[in-house]
Amino acid sequence: MKRIYFDNNATTPLDPEVRQAMAPYLNERFGNPSSGHRFGEEALAALAVGRQQVAGLLNCSPERILFTSGGTESNNTAIWSAVFAVPAKKHIVSSVVEHPSVLKPLEFLQQRFGYSVELLPVDRDGGLDLAQLDAALRPDTALVSLMGANNESGVVWPLAEIGEICRERGVLFHSDAVQLAGKSPLDLEVLPVDYLALGAHKLHGPKGMGALYVRRTAPLTPLIMGAGQEMARRAGTENVAGTAGFGKACEVAARVMNAGETNLPGLRDMLQERILADIDGVIVNGASQPRLPNTLNVSFENCASGAMVQELDERNIAVSAHSACHSGDLDPSHVLRAMAVPETHIHGTLRISLSRFNTAEEVDVLCRVLPGIVAKSRQGMTL
Ligand SMILES: Cc1ncc(COP(=O)(O)O)c(C=O)c1O
């Protein structure tokens with residue numbers, strides 16, 4: 001039986017066009033971009049094309065793109081660069097719902113180097129209060145790091161407004177756009193963002209590949225030092241096939257968005273409406289906020305998400321639970337806690353994240369099995 005994949009915020013399937021673009025660099029064009037012969041030249045040319053394609057998705061110039069091993073490294077590089085630039089500035093503003101690839105380095109800076117890290121709260125629907133951001137900024141604020149879209153709730157934050165506030169106050173602004181890129185247009189000609197992090201595997205590209213956009217005026221300290229690759233901004237022989245694939249993934253994402261070809265958010269809305277119509281005791285998290293077109297985060301009253309994920313998996317449907325399992329206890333995520341999802345619902349949360357490769361038929365299959373799975377989970381909770 002065909003498996004249905006609804007966990008695209010975790011990772012996405014490789015687009016066949018991307019696989020095709022990568023293939024030569026995993027086969028006959030295996031050269032090192034730093035080599036002086038034609039093998040090297042072919043590889044170097046692939047890096048240039050990839051950089052152009054990634055820049056195309058962001059509407060920025062290609063030299064502003066630094067290739068990395070993924071979103072995590074991009075976020076770390078941005079944070080390090082901003083804090084190393086002005087060591088006297090020891091204050092950082094971020095939010096409680098950031099990805100661990102932002103929260104962990106901030107925690108490290110706080111614990112090891114005495115930085116003061118202020119994490120802004122979110123409201124019940126994952127929204128941010130921009131007045132609170134404004135009030136949090138200080139003369140010694142080295143960086144504001146706020147994500148473009150949340151990986152769990154799908155809630156999208158107003159990067160233009162946030163960037164304006166930061167610019168007015170002369171503070172560097174980094175945004176983790178790993179979930180946003182490719183799902184919503186981004187124009188860095190107009191967006192006042194200093195650092196923007198991307199990851200290839202969230203937009204049908206390969207894993208282990210990402211990029212950091214660095215504005216011309218923003219400081220950059222290499223996180224990985226060695227030889228002079230990436231214009232001496234990130235050492236190590238380049239991931240040529242990964243770059244070719246990432247570039248192609250960005251090109252396709254831009255094409256699909258520009259042509260309005262995407263079946264999202266129609267499918268997500270259809271799914272949401274069916275769930276609300278067929279099942280009672282449901283909360284759609286983030287419903288009042290702008291959301292990623294592919295993401296539905298729902299909490300089912302008096303349910304256990306771990307068991308529901310298992311039941312769905314047995315029926316060949318992959319979704320995510322939001323929850324990490326610690327010694328048998330379901331532990332709701334920091335994002336759901338920050339959004340104050342009621343205790344009656346928080347343990348029964350599912351993240352259902354679609355992609356352009358999903359179909360209405362697949363959504364229908366999920367809608368047909370879900371009421372029974374919810375009912376079974378509720379029975380299990382009352383036994
Ligand atoms: C919002 C967000 N930031 C960063 C990352 C990390 O990206 P990568 O897996 O490419 O290191 C992810 C991936 O889960 C993410 O969802």
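Arginine 356 touches Asp15, His204, Val252, Val256, Asn263 and Leu264, leaving aside residues up to four places away in sequence. You'll find arginine 356 in the loop between strand 14 (349–353) and helix 13 (360–382). Keep in mind that this is a predicted model.

**More on arginine 356**
- Arginine 356 has a relative accessible area of 24%, so it counts as partly exposed, because the buried label needs a value under 20%.
- Proline 290 sits 66 residues away from arginine 356 along the chain, and 19 Å separate the C-alpha atoms of the two.

**Helix 1 and its buried side**
- Helix 1 covers residues 16–26, and its buried residues are Val18, Ala21, Met22 and Tyr25.
- Those four sit on the same side of helix 1, because they cover an arc of only 90° around the axis.
- Here's the handy rule behind that kind of pattern: an α-helix has 3.6 residues a turn, so residues three or four places apart point the same way.
- What do the buried residues of helix 1 pack against? Their partners are helix 2 (38–58) and helix 8 (240–258).

**Helix 6 and its buried side**
- In helix 6 (residues 159–168), the buried residues are Leu159, Ile162, Gly163, Ile165 and Cys166.
- They also share one side of their helix, since the arc they cover around the axis of helix 6 is only 160°.
- The buried residues of helix 6 pack against helix 5 (130–136), strand 5 (141–145), strand 6 (172–176) and strand 7 (195–199).
- Just after helix 6 comes glycine 170, with a positive phi of about 70°.

- Some background first: most residues other than glycine have a negative phi, and most peptide bonds are trans.
- Glutamate 230 isn't a glycine, yet its phi is positive, at about 50°.
- Methionine 231 isn't a glycine either, and its phi is positive too, at about 55°.
- Where do you find glutamate 230? Glutamate 230 is part of helix 7 (residues 229–232), and methionine 231 lies in helix 7 as well.
- Is glutamate 230 buried or exposed? Its relative accessibility is 6%, so glutamate 230 counts as buried.
- Methionine 231, with a relative accessible area of 48%, is partly exposed.
- Leucine 264, one of the residues that arginine 356 touches, is joined to proline 265 by a cis peptide bond with an omega of about 5°.
- Proline 265 lies in the loop between helix 8 and helix 9 (266–278).

**The cavity**
- How do you spot empty space inside a model? Rolling a probe the size of a water molecule over the atoms shows where empty space is left.
- How many cavities of 30 Å³ or more does the structure hold? It holds one, and the largest cavity has a volume of about 30 Å³.
- The largest cavity is lined by Val97, Val122, Gly126, Asn150, Ser153, Val155, Trp157, Val335 and Met339.
- Sorted by type, the lining of the largest cavity has six nonpolar residues, three polar ones and no charged ones.

Note on methods:
Residues numbered from 1 in each chain as written. Predicted model: local features only at pLDDT ≥ 70, side-chain atom pairs only at ≥ 80, totals over all residues. Heavy atoms only, no water. 1 Å grid on protein atoms, 1.4 Å probe; cavity = no way out; pocket = protein on both sides within 12 Å on 5 of 7 lines; lining within 4 Å. Points joined across faces, edges and corners; volume = space filled by probe spheres on them. Nonpolar A, V, L, I, M, F, W, Y, C, P; charged D, E, K, R; others polar. Buried < 20%, exposed > 50% of the residue type's maximum accessible area, 1.4 Å probe, protein only. Helix = DSSP H or I, 4+ residues; strand = E, 2+ residues; numbered from the N terminus. Arc of directions from axis to C-beta. Contact = heavy atoms within 4.5 Å.
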